[in-house]
Amino acid sequence: MTECFVVVADKTLGLDEALERLERYPTGTPAIYDYPGPGEPSSITAHEIRRTRAVSSRISAVEGDWFISLARTAPWTQVDGDLRDADPGQCGGLYDSMLRLYDHFAAIAPRGINTAKISKVLHLKRPTQFPILDSRLVRTCGKAAAHEAAKYARRGHKRMYWAAIRCDLMKSSEALAELRRRMADHPTARVRALQAISDLRLHDMLTW
C-alpha cells in the first residue's frame with residue numbers, strides 16, 4: 001500500500017509520526033474539552049466556557065458571561081456543516097455563514113477577547129467547522145493563509161486561515177481515514193478514544 005500523508009501547512013506528516021503525536025497529546029485535554037460534545041446547538045453555558053480552559057483559553061468569568069449573553073442572539077450555523085464544504089469562492093454558502101457567526105462576536109469583542117478565545121469557543125460548539133486559531137497554528141499556517149487570501153482577493157483579507165486549513169483537510173482525507181483505522185487498532189485506550197473527535201480537531205492536534 002502506498003504511504004499517505006497528512007498535510008499540515010503544506011508540509012507532510014507520515015502516519016507513524018501522526019500516531020506518535022497523538023500518543024503524546026495531553027491525556028486530560030480531550031476528556032474535558034472534546035468528549036462532552038457541543039451541547040445545545042444555539043447557546044453557550046458557563047460549563048462550556050470552563051471547558052475551553054483545557055485548551056488554555058484563559059477566558060475569565062466576566063468574559064464568559066459576555067460570550068453567554070451574546071450567544072443568545074448569534075446567527076448560529078447548521079450543526080452538520082463541515083469546513084471542507086465551506087468554499088470561500090461560493091457566495092451565500094457555509095463560509096459566509098461561518099463568517100457571520102464569527103463576526104457576531106469579533107466585531108464587538110471587548111479588550112482581552114481575541115481570535116484565539118473566540119475560536120476556542122466556536123470550535124467547541126461547531127467542532128467540524130471552526131478551527132482553533134491559537135498563536136501556534138497562526139504561525140504554522142501564516143504563509144498558506146496568505147496564499148489563500150491572494151486566491152480570494154475579493155474578500156479583502158490579508159490571510160485566510162480557515163481556507164488554508166480547509167485545503168489541508170481536503171488533501172488529507174485519505175490519510176485521515178487511514179489514521180482513524182490505525183487508531184481503532186491502537187493498543188492504548190486513550191488513542192482509540194480520539195476517534196470520537198472531528199477530522200478538524202485531529203488535524204489541530206497534529207500541528208503540535
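A definition before anything else: a nonpolar core is a set of buried Ala, Val, Leu, Ile, Met, Phe, Trp, Tyr and Cys residues joined through side-chain atoms within 4.5 Å. Buried means under 20% relative accessible area, with a 1.4 Å probe and protein chains only.

Ground rules. I'm working on a predicted model, where local features need pLDDT of at least 70 and side-chain atom pairs count only at pLDDT 80 or more, while totals for chains, interfaces and linings use all residues. Residues are numbered from 1 along each chain as its sequence is written, and side-chain values use heavy atoms, with hydrogens and water left out.

**Entry 1: the core.** I looked up the largest nonpolar core, and it has 59 residues. Ile44, Phe67, Phe105, Trp162 and Leu179 touch the most other members. Helix α5 gives this core its largest share, seven residues. (Helices are DSSP runs of H or I, at least four residues; strands are runs of E, at least two; both are numbered from the N terminus.)

**Entry 2: Phe105.** What does Phe105 touch, leaving aside its neighbours within four places in sequence? I found Ile44, Trp66, Phe67, Leu70, Ala71, Ala74, Ile118 and Leu122. Contact here means heavy atoms within 4.5 Å.

**Entry 3: helix α4.** This helix covers residues 61-71, and its buried residues are Glu63, Gly64, Trp66, Phe67, Ile68, Leu70 and Ala71. What covers them includes α3 (46-52), α5 (94-106) and α6 (115-125).

**Entry 4: the largest pocket.** I noted a volume of about 300 Å³. On a 1 Å grid over the protein atoms alone, a pocket is an open set of points where a 1.4 Å probe fits, with protein on both sides within 12 Å along at least five of seven lines; lining residues have an atom within 4 Å of a point. Points are joined across faces, edges and corners, and the volume is the space filled by probe spheres set on them. Among the lining residues are Tyr95, Asp103, His157 and Trp162. The largest share of the lining, four residues, comes from α5.

**Entry 5: the second largest pocket.** The volume is about 250 Å³. Which of its 15 lining residues are closest to the centre? I wrote down Tyr25, Val55, Ser56, Asp134 and Trp208. Helices α7 (135-151) and α11 (199-205) each supply at least two lining residues.

**Entry 6: the whole chain.** I counted 11 helices and two strands. Of the 208 residues, 52% count as buried.

Key
Buried means under 20% relative accessible area, exposed over 50%, partly exposed in between (1.4 Å probe, protein chains only).
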